[in-house]
Amino acid sequence: MRRRLYISIRDVEPRRKNRMSLGEEIRLQEQILEQMESARRLAYRGPLVLNMSVDTSVRNPPQAHSIAKNLLDLFSKPRPELQVNRNLIYADDVQVHGLAVWCRHGQPEPRIDSVSRHWRASVLTSQSPRRQESSGESKRVRIRTCWKKH
């Protein structure tokens, strides 16, 4: 059974679809590629569970569900500008059978942390994907939970 995959993205403001600049999308995906290569991991081929913790620093942040939808797309197919011939965390967001998102707005720095696990090895927990949670209120939003028996 594969172990958990931790991805931590810095200096990219999480935004909804079509609001993130091309440069931010490329920086986000480059950080994912670097971390997956250093962990010697390939994209998941089967169903998985994804927990995300998102910090925003903009004055009027988008809603958690719109951030999550954009990140789900950015975590799968790399931008053509990266010239990478492989998927990132997974091939298609249909593979995500469980999703939990925590959003903290008004933080000093933007940050995106995610933990992914194979479907059979996981159950959504009520814990944040951050190993050390800083002080401040965290709002947990469960976006989509689709439990399937295999």
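The model is a predicted one. Its largest nonpolar core holds 31 residues, and the structure has 7 salt bridges. Helix H1 takes part in both topics: H1 is among the elements that give two or more residues to this core, and Glu25 in H1 is bridged to Arg79.

**Helix H1**

- Helix H1 runs over residues 22-38, and its 17 residues should span 24 Å at 1.5 Å a residue; the end C-alpha atoms lie 24 Å apart, in agreement with that value.
- The buried residues in H1 are Glu24, Glu25, Ile26, Leu28, Gln29, Gln31, Ile32, Leu33 and Met36.
- These buried residues pack against strand E1 (5-10), helix H2 (64-74) and strand E4 (111-118).

**Nonpolar core**

- Leu28, Ile32, Leu50, Phe75 and Ile89 touch the most other members of the 31-residue core.
- Elements E1, H1, E2, H2 and E3 each give two or more residues to this core.
- H2 supplies the largest share of this core, with 6 residues.
- Neighbours within four places in sequence aside, Leu50 is in contact with Leu72, Phe75, Tyr90, Val96, Gly98, Leu99, Ala100, Ser114, Val115 and Ser116.

**Salt bridges**

- Side chains of opposite charge can pair when their charged atoms come close.
- Glu24 is bridged to Arg15, with the closest N and O atoms 3.5 Å apart. Glu24 counts as buried because its relative accessibility is 12%, whereas Arg15 is partly exposed at 26%.
- Glu25 is bridged to Arg79, with 3.1 Å between the closest N and O atoms. This pair links distant parts of the chain, since Glu25 is in helix H1 and Arg79 is in the loop between H2 and E3, 54 residues apart. Glu25 is buried at 10% relative accessibility, and Arg79 is partly exposed at 26%.
- Arg111 and Asp113 form a salt bridge through their side chains, at 2.8 Å from N to O. Salt bridges with shared partners join Arg10, Arg111 and Asp113 into one network. Asp113 is buried at 7% relative accessibility, while Arg111, at 25%, is partly exposed.

**Loop residues with positive phi**

- Most residues other than glycine have a negative phi.
- Asn18, in the loop between E1 and H1, has a positive phi near 65 degrees. With a relative accessibility of 76%, Asn18 counts as exposed.
- Arg40 follows H1 and belongs to the loop between H1 and strand E2 (48-55). Arg40 is not a glycine, yet its phi is positive, at about 55 degrees. Arg40 is exposed, with a relative accessibility of 76%.

**Other loop residues**

- Gln95 sits in the loop between H2 and strand E3 (96-104). Gln95 is buried because its relative accessibility is 11%, under the 20% cut-off.
- The Gln95 side chain reaches the backbone oxygen of Tyr44 at 3.0 Å. Residues up to four places away in sequence aside, Gln95 touches Tyr44, Arg45, Gly46, Pro47, Leu48 and Tyr90.
- Glu109 lies in the loop between E3 and E4. Glu109 and Asp55 are separated by 54 residues in sequence, but their C-alpha atoms are 7.3 Å apart.
- Neighbours within four places in sequence aside, Glu109 is in contact with Asp11, Asp55 and Ser57.

Note on methods: Residues are numbered from 1 along each chain as its sequence is written. This is a predicted model: local features need pLDDT of at least 70, side-chain atom pairs count only at pLDDT 80 or more; totals for chains, interfaces and linings use all residues. Side-chain values use heavy atoms; hydrogens and water are left out. Helices (H or I, at least four residues) and strands (E, at least two) are DSSP runs, numbered from the N terminus. The expected span of a helix is 1.5 Å times one less than its number of residues. Buried means under 20% relative accessible area, exposed over 50%, partly exposed in between (1.4 Å probe, protein chains only). Contact means heavy atoms within 4.5 Å. A polar contact is a pair of N or O atoms within 3.5 Å; within protein, one must be able to donate a hydrogen and the other to accept it, and residues adjacent in sequence count only if both atoms are side-chain atoms. A nonpolar core is a set of buried Ala, Val, Leu, Ile, Met, Phe, Trp, Tyr and Cys residues joined through side-chain atoms within 4.5 Å. A salt bridge is a side-chain nitrogen of Lys or Arg within 4 Å of a carboxyl oxygen of Asp or Glu.
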